[in-house]
Amino acid sequence: MARLTKQDVEQKITDWFDRLEGLYKQIDAWLEGLSDYSVERSHTFQRTEELMKKFAIKPKDVPTYKIKTKRGTISFFPTALWVIGADSKVDIHIDTTKEKKHLMLFDMRNGNGDESNWQVSGDDLKKLLLHFDKKVFTIIIKDIQ
């Protein structure tokens, strides 16, 4: 197996940002046709992970995504690129007028270069991991509609 280089780690970070943008564009498409919501795209400071420290790579601004309605918000916060058993993690915070919930979104793709395979997990879901598709997204967003 080839040794990991600084360039490999930098490419992995760039790829992660591209996958996040792809996820957010997919959510934009799922939101089409819905009313009374707004989307806020922003950034948060990337957590410094072990391989970044090893190669002296400075954290960057990671893209975030928030859906707002009168009843609450759903926020997508990327939290980790290197995750055991997955190829990144995004926390989903659901904040309604009644309660707060937390879900986790994992990219379970097989390897670098493969298409993203986003899977969601959390207390409210009946299975350990569910494929994050329009049907599951519709279930999640009902909390703030």
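In which strand does Thr 64 lie? Thr 64 is part of strand β2, residues 61-69, where helices (H or I, at least four residues) and strands (E, at least two) are DSSP runs numbered from the N terminus. The structure is a predicted model, in which local features need pLDDT of at least 70 and side-chain atom pairs count only at pLDDT 80 or more, while totals for chains, interfaces and linings use all residues. Residues are numbered from 1 along each chain as its sequence is written, and side-chain values use heavy atoms, with hydrogens and water left out.

Thr 64 has a relative accessible area of 7% and is therefore buried (buried means under 20% relative accessible area, exposed over 50%, partly exposed in between, with a 1.4 Å probe and protein chains only). Apart from neighbours within four places in sequence, the residues in contact with Thr 64 include Tyr 24, Glu 40, Phe 76 and Pro 78; contact means heavy atoms within 4.5 Å.

The sheet is open and consists of 7 strands in the order β1-β2-β3-β4-β5-β6-β7, with antiparallel pairing; two strands pair if DSSP finds at least two bridges between them. β1 (38-45) and β7 (130-131) stand at the edges with a single partner strand each, so one side of each has no neighbour in the sheet. Helix α1 packs on this sheet and touches β1, β2, β3 (72-80), β4, β5 and β6 (118-122), its direction making about 15° with that of β2. Axes here are lines fitted to C-alpha atoms, for helices over the stretch in contact, and angles run from 0 to 180 degrees between N-to-C directions.

Strands β4 (residues 89-96) and β5 (residues 100-107) run antiparallel and are joined by 7 bridges, forming a hairpin with 3 residues between them. Asp 95 has Lys 100 in β5 as its bridge partner, and Ile 92 has Leu 103. Leu 103 also stands opposite Gly 122 in β6, and β5 and β6 pair in the antiparallel sense over 5 bridges.

Helix α1 (residues 6-31) has 26 residues and should span 38 Å at 1.5 Å a residue, which agrees with the 38 Å between its end C-alpha atoms; the expected span is 1.5 Å times one less than the number of residues. Just after α1, Gly 33 takes a positive phi of about 95°.

The largest share of the lining of the largest pocket, 5 residues, comes from α1.
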